[in-house]
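This briefing goes through one protein chain by topic, from overall make-up to single residues. Please read it alongside the sequence and coordinates shown here.

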Amino acid sequence: MPGVRLLRWAVALVAVAGAALPVCAAGLHAGRPAGAPRPALFVGAVGHQARGDAEGSYAPLSVLAAPTVGLLSNTTAVEGVLFATARGARYVERSNVLHLPSGGWRYLPAGRSTSAVVLRDHAAARRQIAQSRAWLDSGRVPGRTPVQRTAAERALLSMRALLQPNGAVAAGWTPGWKYSWPRDASFVSAAFAHTGHDAEAYRILRHSAATQRRDGTWEARTKLDGSGPPDRRPWQLDANGWVPWAAWQWYQAAPRDTRRARLNALYPMVRKAADRAAASLRADGLPPPSPDYWELMTATPNIGTAAPLLAGLNASADLAREAGRPADAARWAGAARRLSAGIAARFAPLGYQRTVDGRHGYDSAVAFMAPPFNTAPAGLPRALDAAYKALLLPNGGLTPGNDPAAPWGGNAWTPSTSFFALAWAGTGRTAKAERVLDWVLSKRNALGELPEKVDRQGRPSSIAPLAWTGSIVVLSLVALDGAGTGTHTGAHTGAGAGAGLPTPPSPF
């Protein structure tokens, strides 16, 4: 999860008697190679004082930047909007152009990397607004209410801004987040695919193929230019599930006249990922311990790795069938059955808690056992309810997990909260899904952007927008649109209104 091991923000402290006080951050190990950026001690910023929220960790001083609250974009470059700039401003409707309190507009001109302030109705700014609206209109904006559709439009535009020309997806636009996580990028690709933005969805998958390691795995995150990881953060096996799952989501939504040929270009990536996932399974059918979306290691297998790998193996088997590779399909379907049996034997009796040893409590990753990732097992509705109740905070949002040793503090995390909206939408529990979505959408900031966290007082916190949250919200709205036609997880029917998310592959 972007920022779990990094401090999002730190308060800039004034110097006293010519000496600067220590400033906090979180993330890298205390030991560092010679010449590495000097780390700073942790001091939580406003909205991030929660005890235990990555407390005592380290990060380069370069992460100590003001958080973004919005984005300006010309589709090839991005500029973060800071609070001081956003005060009293609003986006021109369905665009990334800011209408300032003065009456002027701030936008990022084509071919530029720094913004300009122009008079209202400036011709070049108006062209950019028209282009943004045309892009939205070229696809599908999900949502059954004006509030939902407005939130979906903003999330789509923000994801488009964070998408780089080479297919990398920045998690956010502040130091510490300006990297591409294969997990976040996979969700964004799926969201684009199911809203009719095929080119963007496929571009992300091509970047995933280009950054895959020779052994079939991915780094936890990479620099946006694709040149490699920014640090020595341990790689995460869950990417071997998320990326093939995203490829399957793209394939089902893609234009039928071109998708087979384009799948052939992605197939080597799928094959390497699925073979590595299958080879990782132990005698009990489960994957080994690995850092998951918490970006923390566990001593025993965790559901945040096992569930994505199950989705990925099933997706890979279906892609193999589409590509005319029956031997691959049979091999990966067999691995999926072994993994499914292992999950049923070890995780299901615990209500799909975080680890098979039962020592680390509930985990919002229980939602990964639901559509659009996996066909929901019989006991999943009860497990979802129990996990939601256990993880619910007084501010109305969820903590990622209730392991007392975890670094979450009292802030709610919008990705983890949104997981339940998606899971309940996918299993037909629309009222529950909509209540969760109502809470998440109520926490958008003054520009309408979705934040990473919500503080104890219920205020948007950390950076905004966060690509991962935006993608989960969009996918939830797509699923709810499908639920409205009785196709909770039915076959995707194209970009028209009423299409739901496709059935997850399930050769259990």
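**Overall make-up**

The protein chain has 13 helices and 15 strands. The model is a predicted one. Of the 508 residues of the chain, 60% count as buried. Among contacts with a separation of 6 or more, 64% are between residues 24 or more positions apart.

**Strands E5 and E6**

- Strand E5 covers residues 70-73 and strand E6 covers residues 78-81; the two pair in the antiparallel sense over four bridges.

**Helix H8**

- Helix H8 spans residues 303-322, which is 20 residues.
- From its first C-alpha to its last, H8 reaches 29 Å, close to the 28 Å expected at 1.5 Å a residue.
- H8 is mostly covered, with 18 of its 20 residues buried.
- Just after H8, Gly-324 takes a positive phi of about 75°.

**Ala-317**

- Ala-317 lies in helix H8.
- Is Ala-317 buried or exposed? Ala-317 counts as buried because its relative accessibility is 0%, and the cut-off for buried is under 20%.
- Leaving out residues up to four places away in sequence, Ala-317 touches Ala-329, Trp-332 and Ala-333.
- Ala-317 and Ala-330 are 13 residues apart along the chain, and their C-alpha atoms are separated by 6.9 Å.

**Nonpolar cores**

- In soluble globular proteins, nonpolar side chains tend to be buried together.
- The largest nonpolar core has 127 residues. The members that touch the most other members are Phe-192, Trp-250, Leu-313, Leu-339, Ile-343, Tyr-352 and Phe-420.
- Which element gives the most to this core? H8 does, with 11 residues.

**Cavities**

- Rolling a probe the size of a water molecule over the atoms shows where empty space is left.
- The structure holds four cavities of 30 Å³ or more.
- The largest cavity has a volume of about 90 Å³.
- How many residues line the largest cavity? It is lined by 13 residues, and of these Ser-180, Pro-182, His-207, Thr-211 and Thr-222 lie nearest its centre.
- Helix H4 (182-193) and helix H5 (198-211) are the elements that give two or more residues to the lining of the largest cavity.
- H5 supplies the largest share of that lining, four residues.

Technical notes
Residues numbered from 1 in each chain as written. Predicted model: local features only at pLDDT ≥ 70, side-chain atom pairs only at ≥ 80, totals over all residues. Heavy atoms only, no water. Pairing = 2+ DSSP bridges. Expected span 1.5 Å × (residues − 1). Buried < 20%, exposed > 50% of the residue type's maximum accessible area, 1.4 Å probe, protein only. Core = buried A, V, L, I, M, F, W, Y, C linked by side-chain atoms within 4.5 Å. 1 Å grid on protein atoms, 1.4 Å probe; cavity = no way out; pocket = protein on both sides within 12 Å on 5 of 7 lines; lining within 4 Å. Points joined across faces, edges and corners; volume = space filled by probe spheres on them. Contact = heavy atoms within 4.5 Å.
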